[in-house]
Protein chains: 2
Amino acid sequence: MNTSAFADFRSYPLISALAAVQPLADRLQVQWADGRFSPFHHQWLRDNCPCAECVYSVTREQVLEIVDVPEDLVPNTSRIDAQGFLCVEWQGGHHSRFDPGWLRAHAYDDLSRAERLQARPKSQLWATDLSVPVFDYQAVMEDSQALLSWLLALRDIGLTQVRGVPTEPGSLALIAQRISFIRESNFGVLFNVQSKANADSNAYTAFNLPLHSDLPTRELQPGLQFLHCLVNDAVGGESIFVDGFAIADALRHEDPEAFRNLCEIPVEFRNKDRHSDYRCLAPIIDLDALGRVSEVRMANFLRGPFDAPAAQMPALYQAYRRFIAMTRETRFRVMRRLNPGEMWCFDNRRTLHARNAFDPASGARHFQGCYIDRDELLSRILVLQR
Amino acid sequence: MNTSAFADFRSYPLISALAAVQPLADRLQVQWADGRFSPFHHQWLRDNCPCAECVYSVTREQVLEIVDVPEDLVPNTSRIDAQGFLCVEWQGGHHSRFDPGWLRAHAYDDLSRAERLQARPKSQLWATDLSVPVFDYQAVMEDSQALLSWLLALRDIGLTQVRGVPTEPGSLALIAQRISFIRESNFGVLFNVQSKANADSNAYTAFNLPLHSDLPTRELQPGLQFLHCLVNDAVGGESIFVDGFAIADALRHEDPEAFRNLCEIPVEFRNKDRHSDYRCLAPIIDLDALGRVSEVRMANFLRGPFDAPAAQMPALYQAYRRFIAMTRETRFRVMRRLNPGEMWCFDNRRTLHARNAFDPASGARHFQGCYIDRDELLSRILVLQR
């Protein structure tokens with residue numbers, strides 16, 4: 001029934017019928033049956049015309065470019081037709097016809113925009129008392145609803161465990177590919193976390209690793225990190241997690257100046273070996289357009305010397321020390337030992353992870369890991385929600 | 001000779017010797033032989049101690065975390081030793097010893113910071129009269145200096161051509177891997193640009209494509225795009241390029257309000273098919289921390305309906321129309337026909353590309369493409385420059 005080519009793969013239920021349309025100088029003012037008013041500028045309506053001439057129906061991509069119609073284009077007529085669609089006949093003769101469900105979903109009056117903002121997913125902050133969401137490997141592999149539940153927990157909580165994963169090396173890839181292709185790095189498609197003689201990262205030693213995100217040395221930190229336990233006979237090596245968003249949030253309240261400095265002063269992260277030399281200059285805390293914490297970037301062992309104006313240096317150290325001190329506070333820390341067949345999957349741009357030192361002489365320890373970007377997580381969620 | 005573990009894979013030549021060191025309340029004030037003064041705060045010096053206790057020599061990564069020493073730590077003594085190194089003995093007994101070349105390279109007095117800023121690579125803007133830098137496949141494959149020249153042109157000019165590439169499908173991967181691994185996307189590791197019956201993008205039709213960047217639908221647009229011509233017997237299909245940085249720069253001078261709106265108002269780009277649903281909300285022009293244009297994100301056929309406050313909508317359309325109109329201006333456009341064995345490689349976050357419509361009935365046309373991220377380009381350049 002929905003003839004709008006723009007509706008591709010999504011449905012736009014009728015929230016409220018179109019009640020009236022009033023022509024104004026540069027826009028149509030629409031009134032809905034529930035009383036809401038929404039302006040739609042002429043340029044916006046013409047730009048979003050869903051007809052087969054303006055949108056190629058196979059790809060559902062626009063072929064019209066708005067610059068191909070006059071800047072002062074106005075309708076000859078506008079009306080609501082018998083199916084409740086908004087019909088516009090433009091000067092020059094082109095016709096556009098808009099589904100009222102689609103139109104309401106894209107209305108940009110203040111109320112409609114505020115509703116959409118309110119409906120966006122929100123992060124659920126957590127602390128030491130988190131009950132880590134646990135998912136079953138077979139269910140996630142076979143059932144798309146179980147898969148969706150897992151992915152929503154990753155998006156909103158940012159720390160999950162999967163149990164019952166086969167302990168054959170490489171099994172990790174199968175479950176990762178339930179989401180998407182894997183993001184390769186200089187450490188490979190899958191990386192092996194083992195103590196190595198010629199380690200090119202402290203991750204590949206038996207040292208304790210302080211709380212960190214992986215690959216802060218890249219412009220885009222990996223969105224999801226997978227860590228799959230194949231063997232864990234060594235003494236020590238417990239996994240520790242903190243919610244970087246919760247710490248940033250606490251810092252914002254407890255020391256606003258430190259918070260601001262970590263948002264504003266860029267820090268260089270670097271990782272070098274014989275074959276690569278990565279550097280990234282970015283603040284430790286990143287905010288989205290609405291001022292909400294959207295990312296934490298932190299790995300003390302990959303950080304370069306601070307390079308800031310001398311007058312800022314004491315405040316930068318004060319803020320940095322404070323942040324690290326908070327990652328060590330019991331109130332934020334979740335510590336668990338991972339057993340063979342168990343896998344961590346977490347939001348690498350939010351949930352900082354650490355490892356206690358282990359004793360390689362006491363037994364074998366072998367984890368495998370990989371990354372998937374946030375784009376892929378969000379895309380898979382949207383497809384599963386169709 | 002250089003005992004600093006931090007110097008790993010880089011050399012820090014002695015620019016100027018240390019002449020004197022003066023202890024102040026929270027820092028050492030160093031004077032160099034050329035007269036420059038550089039402050040080094042106690043926290044900064046202790047944090048950057050290169051000794052084997054603070055930095056693990058195998059990975060060259062720090063094991064000290066600054067929060068493990070007191071915030072008010074001060075030196076007992078500081079002096080310049082016989083080798084010209086800065087030596088600090090800290091309260092509590094730890095010793096740090098700093099290479100004067102390394103120290104000068106990381107000094108953060110205003111002059112030293114300004115010098116480093118000045119030394120950063122700068123984009124060379126171009127217009128229709130660009131002489132496209134051309135490189136030879138064999139040379140790039142065999143000679144690391146030829147490879148470096150190509151990569152510097154990619155970094156600074158953002159549009160290059162390589163000739164003599166074998167026309168066997170997949171050859172593209174070999175030259176891309178001279179830089180690094182390839183960035184996969186939902187279109188594959190390598191993608192085939194051919195007219196297809198069930199196209200999931202207008203790129204896979206015979207339509208003209210307006211000037212655009214690839215994958216503006218992802219948080220991180222691919223840094224480099226490769227387009228390799230295997231067969232080109234069809235009439236039409238010429239490649240067109242514009243320097244998005246040059247256009248943004250011209251817009252900034254010719255219409256500052258439009259420029260500002262394109263920097264500030266986020267726009268949604270989206271790409272959907274049966275298996276994926278990508279969306280990214282970001283401004284069309286992105287500026288770096290210094291206010292310089294660092295990225296252009298644009299593909300009209302992947303753009304969603306504008307969602308901005310009604311009061312901003314007319315100005316957003318004005319700015320967007322102006323930008324598209326500029327991409328069509330002759331002064332900015334470089335148009336070339338690619339022949340078999342030739343390959344474009346360009347900065348996908350800067351250089352917008354387009355294609356004229358072609359006539360699939362007139363002959364075969366087959367291009368292959370792939371992506372590599374900017375991190376990988378910059379890393380390879382740094383390794384080649386060692």
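The lining of the second largest pocket in this predicted model is made up of nine nonpolar, two polar and 12 charged residues, where Ala, Val, Leu, Ile, Met, Phe, Trp, Tyr, Cys and Pro count as nonpolar, Asp, Glu, Lys and Arg as charged, and the others, Gly among them, as polar. Of the 23 residues that line this pocket, Arg183(A), Glu184(A), Asp373(A), Arg183(B) and Glu184(B) lie nearest its centre. Two or more lining residues come from each of α10 (374-384) of chain A and α10 (374-384) of chain B, helices (H or I, at least four residues) and strands (E, at least two) being DSSP runs numbered from the N terminus. The space in the second largest pocket amounts to about 360 Å³. A pocket is here an open set of points, on a 1 Å grid over the protein atoms alone, where a 1.4 Å probe fits, with protein on both sides within 12 Å along at least five of seven lines, and lining residues have an atom within 4 Å of a point; grid points are joined across faces, edges and corners, and a volume is the space filled by probe spheres set on the points.

Residues are numbered from 1 along each chain as its sequence is written, and chains are lettered from A and ligands numbered from 1 in the order in which they are written. As the model is predicted, local features need pLDDT of at least 70 and side-chain atom pairs count only at pLDDT 80 or more, while totals for chains, interfaces and linings use all residues, and side-chain values use heavy atoms, with hydrogens and water left out. The complex has an ipTM of 0.93 and a pTM of 0.94 from the predictor. For chain A the mean pLDDT (the predictor's confidence in each residue, from 0 to 100) is 94, with 98% of the residues at 70 or more. Over residues 1-7 of chain A, however, the pLDDT is below 50, and this stretch has 16 contacts beyond near neighbours in sequence, a contact meaning heavy atoms within 4.5 Å.

In chain A, six strands form an open sheet of mixed pairing in the order β9-β10-β21-β13-β24-β11, two strands being paired if DSSP finds at least two bridges between them. Because β9 (134-136) and β11 (191-193) of chain A are edge strands, each with a single partner, one side of each has no neighbour in the sheet. The twist from one strand to the next averages 25 degrees; axes are lines fitted to C-alpha atoms, for helices over the stretch in contact, and angles run from 0 to 180 degrees between N-to-C directions. Five bridges link β13 (residues 224-232) and β21 (residues 342-347) of chain A in the antiparallel sense, and Phe226(A) has Cys345(A) in β21(A) as its bridge partner. Helix α5 (residues 144-156) of chain A packs on this sheet, touching β9, β10 (159-163), β13 and β21 of chain A, at about 50 degrees to the direction of β21(A).

In chain B, an open antiparallel sheet of four strands has the order β12-β22-β15-β20, with β12 (209-212) and β20 (334-336) of chain B at the edges. Strands β15 (residues 239-243) and β22 (residues 351-355) of chain B are joined by five bridges.
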